[in-house]
Amino acid sequence: MKSIFTNSVVAVMLIGGLNGFAQKNNRSLDNYREPDKAGINVFESPKDTISTFDGIRVRVGGSFALQFQALDHEASGVDVDGNALALAELGSNFNLATANLDLDVALADGVRMHLRTYLSSRHHPEPYVKGGYFQIDKLDFIKEGLLEDFMKHTTVRIGHMENNYGDAHFRRSDNAQAIYNPFVGNLIMDAFTTEVGAELYYRNSGFIGMVGFSNGKLNQSTVKNDANGASFLAKLGYDNQVTDDLRLRLTGSLYNTGSVASSYLYSADRTGSRYYHVMQAEGADDNFRSGRYNPNFGNKVTAFMINPFVKYRGLEFFGTVEVANGRRNSEADRRSANQYAGELIYRFGSKENFYVGGRYNMVDAEDRSGDDVEISRFNFAAGWFMTNNILVKAEYVNQTYDGYATDNILHDGQFDGLMMEAVISF
């Protein structure tokens, strides 16, 4: 408890002090997604050949998020003796305050570094590094003008980093960095992982292509039985501001592992779900992923994601169609898990500082238990950007579970209620 309190106080002091400093300085970097309102609906980091580099430059930033939760849940599962499986009793109160610390450094013309540390999160109250990467947009640090025409369209990222599978991860909450997410929670099947690897991007006239490789591991190890495997990533898409009022983007992504010691594609987020303790048994230890679904593919995974994005003036639509399959080494056949989601957001006001929106999210999966399960969620949200760095939002959520066996605590399960969140990001 002391650790949580100390980290939260330090985070507040850091964010407050540096946010005041930020108002007096231009803190933008080249080819960089801004961590405030300006970063909304930005996907891959922008590619710009105009350089502002005039020496090594360190940008210290961070984010802070706090939620108020008022959720109820129920289910009808029973044990072998016919006794009801009791869910934890929920009350209305604040969740743990979460905080991030970001270091972004311009190292050379067209070369920068990013590092994110979670100062406090649901799963780890103590600080720990999420990951980071080395990004190259020019090769002038090797030789001036080297492959200049090619590098006008090319970006290379290398590191222990968040893999670029799909577009949904650009809109999700990353611990305290929740300003890009119009809702409080992430998707039910939350595709997010950090692995050691490299990605190469090529962009030209609105078209984007990416290929990448990683070692397929969340937890690094050189022990022989754990050191095998690799992941292949690819993305192909088109993103164009067709008119001043209309923007269109469509991408398709692939994540594939031949065989790895353990795949964490749907369970790598160590920061935890926003819906605390939902659908958990009475007296059980906290399941920091509560409210999410992990298909537990284990050792072999193939996943495809298609994401359309349309913005016309203040109205925007973002969709997700995901088809995944895989298996553990102990299973003879692959299982499938499919996810569908659609978000409709309307941003209004002279600077689009207000928004309202809804999202439907559904997962249909062949569960490891042998059940064919379906999980559905509706979200309705509203938000207000008090400044470019401060967002307050409210959300109503309703999630239902179907297909689970009668002896499963999720049998005919359901939770719903109100969530409120305040976010500072700079």
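Author: Of the 43 residues in the largest nonpolar core, L71, Y165, L265, Y266, Y293 and F415 touch the most other members. This is a predicted model, in which local features need pLDDT of at least 70 and side-chain atom pairs count only at pLDDT 80 or more, while totals for chains, interfaces and linings use all residues. Residues are numbered from 1 along each chain as its sequence is written, and side-chain values use heavy atoms, with hydrogens and water left out.

Reader: What makes a set of residues a nonpolar core?

Author: The members are buried Ala, Val, Leu, Ile, Met, Phe, Trp, Tyr and Cys residues joined through side-chain atoms within 4.5 Å. A second, separate core of 13 residues includes I40, Y180, F385 and V423.

Reader: Which residues is L71 in contact with, leaving aside its neighbours within four places in sequence?

Author: Contact means heavy atoms within 4.5 Å, and the partners of L71 on that basis include L90, Y275, V397 and F415.

Reader: Why is strand β4 called largely enclosed by the rest of the structure?

Author: Buried means under 20% relative accessible area, with exposed over 50% and partly exposed in between (1.4 Å probe, protein chains only). Because 8 of the 10 residues of β4 (residues 111–120) are buried, the strand is largely enclosed. A strand here is a DSSP run of E, at least two residues, numbered from the N terminus.

Reader: What makes two strands a pair?

Author: DSSP must find at least two bridges between them. β4 pairs in the antiparallel sense with β3 (residues 98–108) over 9 bridges and with β5 (residues 128–136) over 8 bridges, so both meet the definition.

Conventions. Helices (H or I, at least four residues) and strands (E, at least two) are DSSP runs, numbered from the N terminus.
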